[in-house]
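Trainee: I would like a close look at a single part of this model. Please pick one stretch, go through it in order, and then say what surrounds it.

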Amino acid sequence: MNDPLSTTGLLAQVLPAQALTAEVYADPPGVALFPDEEAVIARAVDKRRREFATVRHCARAALERLGVTPGPILPGERGAPRWPAGVVGSMTHCAGFRGCAVAHAGHLRTIGLDAEPAEPLPDGVLDAIALPEERSGLRRLGPGAPWDRLLFSAKESVYKAWFPLTHRFLEFDQARIELDPAGGFTATLLVAPPSTVIGPLTGFTGSWIHRDGLLITAIAVPAQI
C-alpha cells in the first residue's frame, strides 16, 4: 500500500514529546478495518467511511509507536474514541488531513485535537459559537490566520480534552477562548468547576499552527500538574 503517513508532521509541532502522532494528507487505498469497526460504518456514505478508516489507520500507527498492540477503536459515549486501557488520545479529520495523537495515561491526562481548513467560517457560524468578548478579541488581531475558524477549532479541541475528564457535554458558550497570535491559546471554562482526578477543572492552555492550508489546535494536559 502506498502510504504517505507521517509521524513528524504538524501534530508533532503542537504537542509535547509524550504524545506520539501520525497523520496523512490523503486517504491511502486499502485501509483495513476490524470487523467491529466495519459494523459501525456499514451504512455510511463513502466520504464518511474514508474518514473513519483513515483516521483509525493513523491511530493504529500512533499506538504501535507507543508500544500498544492496536485493536478496534470504536466510538464510545457521545462518539468519543474508546482507547485501550492506560492510553489517552484524540483523533481529528478535515478535508486534506487525518491525524491522531496518543500517550500513556501516566504521562498525559488528556489530549484534544482539531484540524480545520484555513478558511473563514461560513456566514452566521461565528455568531453561533462565539461570545461577544471573543468576537471583539478577533477584531483586534489584525491580519494573519483565519481567526474565526481558529477560534472554532480551539473550542473543538477544548471539548475533546474536557469530555474524557468529565463525561459531560460542553456548549460553545461555556468556554471563553483567548487566541495568542504567536501560536497559543487559553480557554477559561464558564461552568462550575467539575472535580476531576487532577482537581477542579477551570481551563486549558493549548497551541495552534497555520500551515499548508490547514489550521490545527491541540491541548495536552500533563498527568502531574
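Mentor: His-167 is partly exposed, because its relative accessible area is 47%, and the term covers values between 20% and 50%. The model is a predicted one. His-167 belongs to the loop that joins α6 to β5, and its place is just after α6. Its phi is near 55°, which is a positive value in a residue other than glycine.

That leads back to the helix itself. Helix α6 covers residues 147–166 and has 20 residues.

Next, the packing around the helix. In soluble globular proteins, nonpolar side chains tend to be buried together. Here the largest nonpolar core has 31 residues. Val-158, Trp-162, Leu-179, Leu-189 and Phe-204 have the most contacts inside this core. The elements giving two or more residues to this core are α6, β5 (175–180), β6 (184–189), β9 (203–211) and β10 (214–222). Of these, α6 gives the most, with eleven residues.

Leaving aside neighbours within four places in sequence, Leu-189 is in contact with Val-158 and Trp-162, among others. Its other partners include Leu-170, Gln-174 and Ala-175, as well as Leu-201, Thr-202, Gly-203 and Phe-204. Val-158, Trp-162 and Phe-204 from that list are also among the residues with the most contacts inside the core.

Arg-78 sits in the loop between α3 (46–66) and β2 (87–94). Its relative accessibility is 57%, so Arg-78 counts as exposed, the cut-off being over 50%.

Thr-21 is a buried case, because its relative accessibility is 1%. It lies in strand β1, residues 20–24. Setting aside residues up to four places away in sequence, Thr-21 touches Ser-6, Thr-7, Leu-11, Ala-12 and Leu-15, along with Ala-62, Arg-65, Cys-100 and Ala-101.

Key:
Residues are numbered from 1 along each chain as its sequence is written. This is a predicted model: local features need pLDDT of at least 70, side-chain atom pairs count only at pLDDT 80 or more; totals for chains, interfaces and linings use all residues. Side-chain values use heavy atoms; hydrogens and water are left out. Helices (H or I, at least four residues) and strands (E, at least two) are DSSP runs, numbered from the N terminus. Buried means under 20% relative accessible area, exposed over 50%, partly exposed in between (1.4 Å probe, protein chains only). Contact means heavy atoms within 4.5 Å. The expected span of a helix is 1.5 Å times one less than its number of residues. A nonpolar core is a set of buried Ala, Val, Leu, Ile, Met, Phe, Trp, Tyr and Cys residues joined through side-chain atoms within 4.5 Å.
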